[in-house]
Amino acid sequence: KKREDPGIKLLIVESPAKAVTINRYLGEDFKVLASYGHVRDLPSKDGAVDPDNDFAMTYELNEGSEKHVREIIKAARKAEAVYLATDLDREGEAISWHIYEILREEGLTGRIPFYRVEFSEITEKAILDAVAHPRDLDQSLIDAYLAPEAQAYLANEYGYGIANQANDLALSEAQFVVEGEVRIAERAHLVANVRPVEEHERAVTGVDYGAVWHHEARAAGGLQ
């Protein structure tokens, strides 16, 4: 029987099938839970972006993820450390960040250490080696995923033809910063001269939106 006492290490993956196998490799000192993929996103309703609060981005739990998140929070309260072991790509990095942020909001990140672990195969050697050599969250990967997501929301909110409405609102070289939430670090400037960067956006999104705004992603902070 696995221990449920305080002091157990919690490792979080995306897939429940992986969780079972990995827990067998790690043994009773670990509890392995699955996030079942993404745990939260920007809501589609108005208000996810607050123009009066530095364009703060507010996330909500995905439908169906509440149960899994509750289990993760409950286990993290008993853990002596949390290992974020979501997939290797930038989407996986963003999922780890969202889990970290949820647990930060629960007051857990300042109490216990958090680690990011990565592996490309589910073997005992690969898992044990990954846990023995953790790293910090990769802020550049997080930004690469979150910035286009936030940009797409703003584009949907204000429209891609925003350049023709520059007297009302112009987002010039806005910077997305990760500080618990995704936000634009500096308030949007009301200017009439904005620079379309079609090539940049085409390279980032794979879609040619035409004249759109360049949102420069930069990181702030990291794991405590």
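**Exercise 1.** Identify which residues of helix 2 meet which residues of helix 3, and class them.

*Solution.* Step 1: in this predicted model, Val69, Ile72, Ile73 and Ala76 of helix 2 meet Ile99, Ile102 and Leu103 of helix 3, where contact denotes heavy atoms within 4.5 Å and helices are DSSP runs (H or I, at least four residues) numbered from the N terminus. Step 2: by class, this contact holds 7 nonpolar, no polar and no charged residues. Nonpolar covers Ala, Val, Leu, Ile, Met, Phe, Trp, Tyr, Cys and Pro; charged covers Asp, Glu, Lys and Arg; polar covers the others, Gly among them.

Residues are numbered from 1 along each chain as its sequence is written. Local features need pLDDT of at least 70, side-chain atom pairs count only at pLDDT 80 or more, and totals for chains, interfaces and linings use all residues, while side-chain values use heavy atoms, with hydrogens and water left out.

**Exercise 2.** Describe how the axes of helix 2 and helix 3 cross.

*Solution.* Step 1: the axes of helix 2 (residues 66-78) and helix 3 come within 11 Å and cross at roughly 60°; axes are lines fitted to C-alpha atoms over the stretch in contact, with angles from 0 to 180 degrees between N-to-C directions.

**Exercise 3.** Determine whether Glu93 is buried or exposed, and list its contacts.

*Solution.* Step 1: Glu93 belongs to helix 3 (residues 90-105). Step 2: Glu93 counts as buried because its relative accessibility is 0% (buried: under 20%; exposed: over 50%; 1.4 Å probe, protein chains only). Step 3: leaving aside residues up to four places away in sequence, Glu93 touches Thr86, Asp87, Arg116, Arg135, Asp136, Leu137, Asp138, Leu141 and Ile142.

Technical notes
Helices (H or I, at least four residues) and strands (E, at least two) are DSSP runs, numbered from the N terminus.
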